[in-house]
Amino acid sequence: MSDEQLDTLRYLPRRDVVRVCAELDLVDSVTRTLIDHAEGRTTLPEEAYLPWETSDGAFARSLTLPGAVWGERPALGAKVINSSLANPGRGLPRAQGLTLVFDRERAHPVALMEAAYISALRTSAYTVLSARTLAVAEPGRIGVIGCGALGEQHVRLLAEEYPGAEFVVFDAVEGRAPALAGRFAADGLAVRPVSRARDAVDGCAIVVTTTTTTTGYLPEAWLSPGALVAHVSLDDVLPDVVHRAGLLVVDDWGLIKADDRRLLGRMYRSGELLGPDEAAPPGPGPAPRVVDASLGEILSGRHPGRRAPEQTVLSNPFGMGVLDVAIAAAVHEYATLHGIGMRLPV
Ligand code: NAD
């Protein structure tokens with residue numbers, strides 16, 4: 001490597017990240033990383049969570065998710081993703097950020113790229129994988145609650161996976177669900193907007209939550225037998241869904257345990273939820289719910305997964321930095337090979 005290359009890093013704006021991701025198999029990358037994680041070949045520190053209020057009183061936050069993968073394709077780095085709840089009203093995406101890739105030997109950052117596209121893609125690729133692994137074989141109807149960036153990316157990927165499925169979508173802000181349906185109509189995909197959250201759950205074999213709520217609203221009574229809930233936004237289901245799920249799948253229990261903001265972390269703190277190998281303290285009161293497995297443990301055959309077709313399944317993917325970092329490293333490798341992006345001095 002020349003001195004000049006040592007003093008530069010590769011920068012990829014969103015358009016280049018989109019172009020490179022189209023060449024990669026992201027579901028495969030997510031699968032390999034989850035198995036590496038389940039088999040102990042990753043380092044996954046806790047998320048750093050920085051909340052604040054904007055000058056006009058909106059909630060804003062910055063999340064930093066570092067991670068390292070030590071499997072067949074080692075990858076190191078960190079994602080920083082920020083958001084303001086006022087952004088959609090300004091016509092801006094709610095979330096934006098940057099992902100760094102580190103060089104294993106020198107430890108210097110070697111790449112910097114737009115984070116939101118990879119974040120949305122890796123999250124929907126995770127949902128596709130959980131649907132392949134945990135949902136009924138032919139989901140007739142799929143519900144998506146929350147019609148922002150993540151909701152749209154989920155409809156896109158799940159429609160590729162299940163071309164025969166009917167999509168029903170709901171958003172708390174009037175007009176967003178019909179607008180999403182309209183964007184898919186242009187592609188010839190039938191997506192039906194509904195005006196109540198319950199209508200995006202009724203009769204659905206897969207329910208995906210991609211909202212920004214911090215107040216649960218989805219009770220177990222709304223779910224059909226055998227439904228899979230992909231609880232991407234982490235605060236939508238009510239505790240009875242957690243207690244009564246036939247199978248409770250989480251990633252990653254360590255991250256969830258360390259978090260006191262979202263539902264499962266709060267349930268752990270109140271003694272209602274325990275990790276896979278944790279024993280309940282003796283005493284009166286109802287027994288806590290115990291987490292069954294991670295998706296990686298099911299993929300690697302360490303846990304059998306769903307045991308009966310009528311079992312409901314709750315999948316709660318906290319969002320692991322190792323997934324972003326593994327994909328960002330693959331994007332960096334492809335971009336370097338094909339001369340995509342620009343070199344910036346450091
Ligand atoms: P966004 O702001 O673009 O879209 C969210 C949408 O949800 C908005 O249209 C909003 O009106 C709607 N909404 C809010 N509360 C609602 C409610 N109670 N019922 C119905 N609709 C509601 O956000 P986004 O970028 O699409 O992200 C969606 C969520 O996904 C966020 O909570 C984000 O933190 C989460 N996320 C999770 C992961 C993960 O790995 N688990 C990864 C990325 C994003």
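Let's start inside the protein: the largest nonpolar core holds 95 residues, and Met113, Val155 and Val242 have the most contacts within it. A nonpolar core here is a set of buried Ala, Val, Leu, Ile, Met, Phe, Trp, Tyr and Cys residues joined through side-chain atoms within 4.5 Å, where buried means under 20% relative accessible area with a 1.4 Å probe, protein chains only. A second, separate core has six residues, including Leu63, Ile81, Ala95 and Ala115.

A word on the ground rules: this is a predicted model, with local features needing pLDDT of at least 70 and side-chain atom pairs pLDDT 80 or more, while totals for chains, interfaces and linings use all residues. Residues are numbered from 1 along each chain as its sequence is written, and side-chain values use heavy atoms, leaving out hydrogens and water.

Back to Val242: beyond its neighbours within four places in sequence, its contacts (heavy atoms within 4.5 Å) include Leu248, Met267, Arg289 and Leu314.

Now look at Glu47, in the loop between strand S2 (42–43) and strand S3 (48–53); strands are DSSP E runs of at least two residues, and helices H or I runs of at least four, numbered from the N terminus. Glu47 counts as buried because its relative accessible area is 18%. Leaving aside neighbours within four places in sequence, Glu47 is in contact with Leu63, Thr64, Leu65, Leu255, Arg262 and Phe318. Leu63, one of these contacts of Glu47, is also among the residues of the second core.

Definitions and conventions: Buried < 20%, exposed > 50% of the residue type's maximum accessible area, 1.4 Å probe, protein only.
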